[in-house]
Amino acid sequence: MCLTATCGRSVMSVKRHLFYMRTTCLLFSTNSPTSWRAGPRKRPKKAAWTDGVSWEERLADAVTPLWRLSYEEQLELKLINQQRILSQLSGSLLADLRSDFPPPAAAKLSFPVLPVLPSPVRDGYRNKSTFSVNIGVDGDPKTVGLYVGTGRQGNIVCVKADHLLNMPEKHTMVARYYQDFIRLSSLEPCLLFHTGGHWREITVRTNAKGQTMAIVYFHPQMMTAEEVAVHKAELVAYFTQGPGSVCQLDSLFFQESRMTRCTHEESPYQLLYGQPYIYEEVLGFQFRISADAFFQVNRTAAQVLYDTVRDLCVPVRKEGAAQSKPGGTLLDVCCGTGAIGIIASPRVDRVIGIELIEQAVRDAKHNAALNNVGSCEFLPGKAEVVLPALMTQLSSPPGVVTAVVNPSRAGLHPRVVRALRNQPAIRRLVYVSCKPDGEAMRNFRELCCAPDQEKKLTGPAFTPTLAVPVDMFPHTPHCELVLLFER
């Protein structure tokens, strides 16, 4: 894959849309000094919903705010945003070199930012969707869809998502039949935990083969296990023998939860019907997907992302007509179900992955065995606890160590950054971020700043050398940023 393509898209083709975007929705982060939001923040007033815009348009503007732009214009807008964010990093690094000057809001980029790599599939690309239950446009509290408005403003309306460009038809079909089921049910929906009710959201997962997994979330309130069992049986009958059988579910899960989000360990996912897993193929490797496993939401763009990450972590060197194996160790922090490490494993001697969620670690180990990869080791636990103790192993045997990190939006814990920074064996680090202007920016700065005894950052600084945005989410302002650091 070529990572040195040049940008041929016109910036001017996008600028005419900027005024519209600035005045209708806040597309990007407000963390930076160059944010589009100006002046003191005021609490927004409750929307009256009297603007004459259809509910479908309101939802499309909230979920896929770039849907009115051509795809070329979307990519150019995303590139402009990534350049703006990374110019802040360049400004911070410049200020670090010149401590007598205050840090500038932005600076000229000190490293190349490649054009946004496009998603091969742009419509209906989502392989996972979660639909909420709340009051619909017609006032029915048993409406299944996505929200317009916010709870804080008190103006939530649940709107069906059938028309959204990023939503596959199979997902919205399952949502429609789930809505039909709960409207037939004698139980009320759980809109707010303290007001009672039972039926909550539904998650739909699909793969390239068309297999479908549905996970129904349920608040038991004060019901006994026997009472809950009656309604679980009704749910199974509806989707296997009743009207919902047209959805052809391969797996139906049920989770009883008194909290907004629960892991499998906190409240087990109960398999009511079908297979416990579905499988997905990425770059020739097979991956098992359990009910709560993380997997990139856009499979075809995930192949672009993982191919990019692999090439930056362990670039293949050509020796004449043959290719040499780089070797060494790949340290995969926040490894999830092991996708990056397994895909990169043919190029390295060993892979060490760290992941907080125990079920994901079990999936990662299974995926390694499924693909006959014996060089991967996956460790459960918090990265800030596991990684410092692991660092002594990275120098023995001596060799090349490359780290790849793919954290959540919360970024890396400071102890993880410290451990990576202070391990001299790590010469190359690839950071994958879905929100580089959030906490990840703090991580970037601590990886690259001058040694700081107060923060216990004693190792040589990293330097950003290349940024590659990948469009994982067409029709939205978001993309994944792959940032290469070297020292």
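## The second largest pocket

Strand β1 gives the largest share of the lining of the second largest pocket, four residues. Strands here are DSSP runs of E with at least two residues, numbered from the N terminus. As for the word pocket, picture a 1 Å grid over the protein atoms alone: a pocket is an open set of points where a 1.4 Å probe fits, with protein on both sides within 12 Å along at least five of seven lines, and lining residues have an atom within 4 Å of a point. Rolling a probe the size of a water molecule over the atoms shows where empty space is left.

Before going on, a word on what you're looking at: this is a predicted model, where local features need pLDDT of at least 70 and side-chain atom pairs count only at pLDDT 80 or more, while totals for chains, interfaces and linings use all residues. Numbering starts from 1 along each chain as its sequence is written, and side-chain values use heavy atoms, with hydrogens and water left out.

Back to the pocket: its volume is about 550 Å³, taken as the space filled by probe spheres set on grid points that are joined across faces, edges and corners. The elements that give two or more residues to its lining are β1, β2 and β4 (199–206). In total 17 residues line this pocket, and Ser132, Asn134, Tyr147, Leu191 and Glu201 lie nearest its centre. By type, the lining splits into 10 nonpolar, four polar and three charged residues (nonpolar is Ala, Val, Leu, Ile, Met, Phe, Trp, Tyr, Cys and Pro; charged is Asp, Glu, Lys and Arg; the others, Gly among them, are polar).

Two strands count as paired if DSSP finds at least two bridges between them.

Strand β1 (residues 128–134) runs antiparallel to β2, joined by three bridges, and Val133 has Val144 in β2 as its bridge partner. With β4, β1 makes an antiparallel pair over four bridges; here Lys128 stands opposite Arg205.

Strand β2 (residues 143–148) is mostly covered, with five of its six residues buried (buried is under 20% relative accessible area, exposed over 50%, partly exposed in between, with a 1.4 Å probe and protein chains only). β2 also pairs with β3 (residues 157–159) in the antiparallel sense, over three bridges. There, Tyr147 has Cys158 in β3 as its bridge partner.

## The other seven-stranded sheet

Another open sheet of seven strands runs β14-β13-β12-β15-β16-β18-β17, again with mixed pairing. Its edge strands are β14 (376–380) and β17 (463–470), each pairing on one side only. The twist here averages 15 degrees from one strand to the next.

Inside the order, β16 (residues 426–433) and β18 (residues 480–486) run antiparallel, joined by six bridges. In that pair, Ser433 stands opposite Leu481 of β18.

## Cysteines

How many disulfides are there? The count is zero, with a disulfide being a pair of cysteine sulfur atoms within 2.5 Å. Take Cys448: the closest cysteine sulfur, in Cys449, is 8.0 Å from its own, too far for a bond. Cys448 counts as buried because its relative accessibility is 8%. Cys190 is buried as well, at 6% relative accessibility.

Terms used: Axes are lines fitted to C-alpha atoms, for helices over the stretch in contact, and angles run from 0 to 180 degrees between N-to-C directions.
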